[in-house]
Amino acid sequence: MEGTGRPVRLTAVFFRYLVTTGALMLVIVLLWWAALLSVMAAGWVLPASTAALEAREVAQHCGETGRFSPEGLPHYLRWVRFGSTNELVDSSEITGRQLRLARAALEEGGCSQGFWYTQYHRLIALDGGDMLVLQYDYAAPYAQEDWARTLPDFQTAMLLLLAALLLLTAVMNTRRCVGRVRRDLCVLTAATQTVARQELNVPIAGETGILELEQAIGAMERLRTSLADSLGRQWRMEAERQEELSALAHDIKTPLAVILGNAELLEEEQQGAAQRKAAAIVHAAGQIEAYVERLRALETAEARGGQAEPVPLPELVQRLNRMGEGLCAPGSLRFEASPQPEGSALLEREALERAVLNLLHNAVRFARSRVSLSVCCREGMLVFAVRDDGPGFSAQALECAGRGMYTEEAQCGSHLGLGLCTAARTARRSGGTLLLQNDAGACACLTVKAQIVRGK
């Protein structure tokens, strides 16, 4: 958008609009008045005082002679003759309203009658007791009687023309002013749309003629640069975090390999209790290695986003039931398996299985005698509910669980709360939620959006 010069305040814009509108209306009035005088100078229309002057001369003549003759009377004078008892004797061609006003002028002795359009009268006493009432308008009449009969009233037509010209002038100037303001507002709208589309690398450009809009665009540009810097820092920190976690997971594999190799050698060389201890070390090292691989897979999945795939629900729930039974078996806990729902759904299978497995693992750690899993479809959502009969969640756990690095056992160094955090992230990424509550024990409810693609 081309520059419009030095920006001015919005009040100056409206003041300029009022001044220009008033000046244009004044020019229209002057041109209208000049046109009216030109028509009168040409003799097409007579001055507004013509009828009043003519009525005065006729009244003076009739008053001197006592007689009245309508011959030669101009067309812009109307007359009514009343008898001694105010009865109608004769009149010129007038309307019923004009006759009523003439009679009211005779009875009241007034020279003017009417409210919206005043009729003026001259009362003249004639010989024999009759009364003559001359009626006229204080308006510019046509010079020709034929024009007066066929054309609309000149004064009314000119006033309507003036009103139309003034209204047209106001409308045109308002449209011009509004058009300029609208063009300036389009610049601000484009700036807000740029930020809304998150095109933070595109500078907000454009000039307006209004100072307040210029300030708003400047604020939008500062907001854009601030958001761009903030998101850039956030993305860099996220990338660094992922790199550090990947490096940490990679570095952990080296000492793990040493521990695992030496433990396997000990297991082969030792007998009895020492061999059993070596086997336990091998098993624990294997678990740690599996956890590291899961951590790396989690970071990779978060970096590129999960891939949804059609998953048969009976197969998924059967696999989860087997996992739950396997977790409960070492502690002699009873596992209540979930019924298998029918159909298939588009899901991030690996992430979902890992999230439910974390919930089952937490339930097994705190359960007294029983752990249950239930899976159901509800209004386009797939709900996984894991329950145990343990002591339930504390108030702090209900408030903070699901946050990374939180656990009530952190002081013991057992784990860092990554299980619930992973489950919560999986739920959010799938458009769902993770809800923790106490219901005769603990209940963790994982909800994800599930698009059913095939039913049985």
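**A tour from the positive patch to the sheet**

Start by selecting helix 5 (residues 154-196), which supplies the largest share of the positive patch, three residues. This is a predicted model, in which local features need pLDDT of at least 70, side-chain atom pairs count only at pLDDT 80 or more, and totals for chains, interfaces and linings use all residues. Residues are numbered from 1 along each chain as its sequence is written, and side-chain values use heavy atoms, with hydrogens and water left out.

Next, select Arg-16, Arg-176, Arg-180 and Arg-183, which form the positive surface patch. Arg-16 sits in helix 1 (residues 10-41). Its relative accessibility is 42%, so Arg-16 counts as partly exposed (buried is under 20%, exposed over 50%, partly exposed in between, with a 1.4 Å probe and protein chains only).

Now move to the open sheet, where five strands run in the order 2-1-5-4-3 with antiparallel pairing. Strand 2 (88-91) and strand 3 (112-113) are at the edges; each has a single partner strand, so one side of each lacks a neighbour in the sheet.

Then select strand 4 (residues 119-125) and strand 5 (residues 131-136), an antiparallel pair with six bridges (pairing requires at least two DSSP bridges). Ala-125 has Met-131 in strand 5 as its bridge partner.

Finish at Leu-134 in strand 5. Is Leu-134 buried or exposed? Leu-134 is buried, at 0% relative accessible area. Its C-alpha lies 5.3 Å from that of His-121, 13 residues away in sequence.

Conventions:
Patch = residues over 30% accessible without salt bridge, like charges linked within 9 Å, V, L, I, M, F, W, Y side chains within 5 Å. Areas by Shrake-Rupley, 256 points an atom, 1.4 Å probe, with all protein chains shown as cover. Salt bridge = Lys/Arg side-chain N within 4 Å of Asp/Glu carboxyl O. Lys, Arg positive; Asp, Glu negative; His and termini not counted. Charge placed at Lys NZ, Arg CZ, Asp CG, Glu CD. Helix = DSSP H or I, 4+ residues; strand = E, 2+ residues; numbered from the N terminus.
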